[in-house]
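Visitor: Hi, I'm new to this one. Can you walk me through it?

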Amino acid sequence: MPRYVAFLRAINVGGHTVKMDRLRKLFEKMGFDAVETFIASGNVIFRSKSRNTGALASQIEKTLAAALGYDVATFIRTDAEVADIARCLPFDEVAHKTAGAFVVGFLSDSLAASAAKTLMSLGTESDRFAVHGTEIYWLCRTGQSESTFSNALFEKTLRLKSTFRNMNTLARLAAKYPCK
């Protein structure tokens, strides 16, 4: 049975607080197996017989909206995809070693060429971007809190839902849940 990671937007940020045991129970009620959460920021690991990640994301979004009272954008990746994302280093070695933050943004679909161009226009001396499939890699020379770029700016500018995770979190997820 495939193992997935659901990256959830708006869990324990912006005034929305959800206890991880409640989140696990909601996933179990949806019929998922081996449900675990990873840090309290909306990362849920689970197994499902389904191989249709779009249908899984839709089911999770509908269930969470009904249970929590607000929309929770959901981005599903397999354990193998998480491992690939964690290994991806799209910038030069020096940039990675000296970055204040290295973050990955998850999207439902690949960016269109025009959207990728718009994203690149948001780059600054401190903020660099790379697009690979359904992920955006953001290398911030300063800390995230010092940057003018944010998930909110991305969503407002490109009118796309997304959620971002630190690369360290993704590396830890890939190590804890290796693909088999």
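Predicted model: local features only at pLDDT ≥ 70, side-chain atom pairs only at ≥ 80, totals over all residues.

Visitor: How many helices and strands does the protein chain have?

Guide: There are 7 helices and 8 strands. Both are DSSP runs, numbered from the N terminus: helices are H or I with at least four residues, strands E with at least two.

Visitor: And how much of the protein chain is buried?

Guide: Buried residues make up 46% of the 180 residues. Buried means under 20% relative accessible area, exposed over 50%, partly exposed in between (1.4 Å probe, protein chains only).

Visitor: Let's zoom in. Which residues of helix H5 are buried?

Guide: H5 spans residues 113-121, and Ala 115, Ala 116 and Leu 119 are buried there. They cover an arc of only 100° around the axis, which puts them on the same side of H5. That arc is taken from the directions from the helix axis to the C-beta atoms.

Visitor: What covers the buried residues of H5?

Guide: The cover includes strand E6 (127-132), strand E7 (135-140) and helix H6 (151-158).

Visitor: Which exposed residues sit on the face of H5 turned away from its buried side?

Guide: That face carries Ala 113, Ser 114, Lys 117 and Ser 121.

Visitor: Last one. What box do the C-alpha atoms fill?

Guide: Roughly 45 × 35 × 30 Å, taken along the principal axes.

How values were computed: Residues numbered from 1 in each chain as written. Heavy atoms only, no water. Contact = heavy atoms within 4.5 Å.
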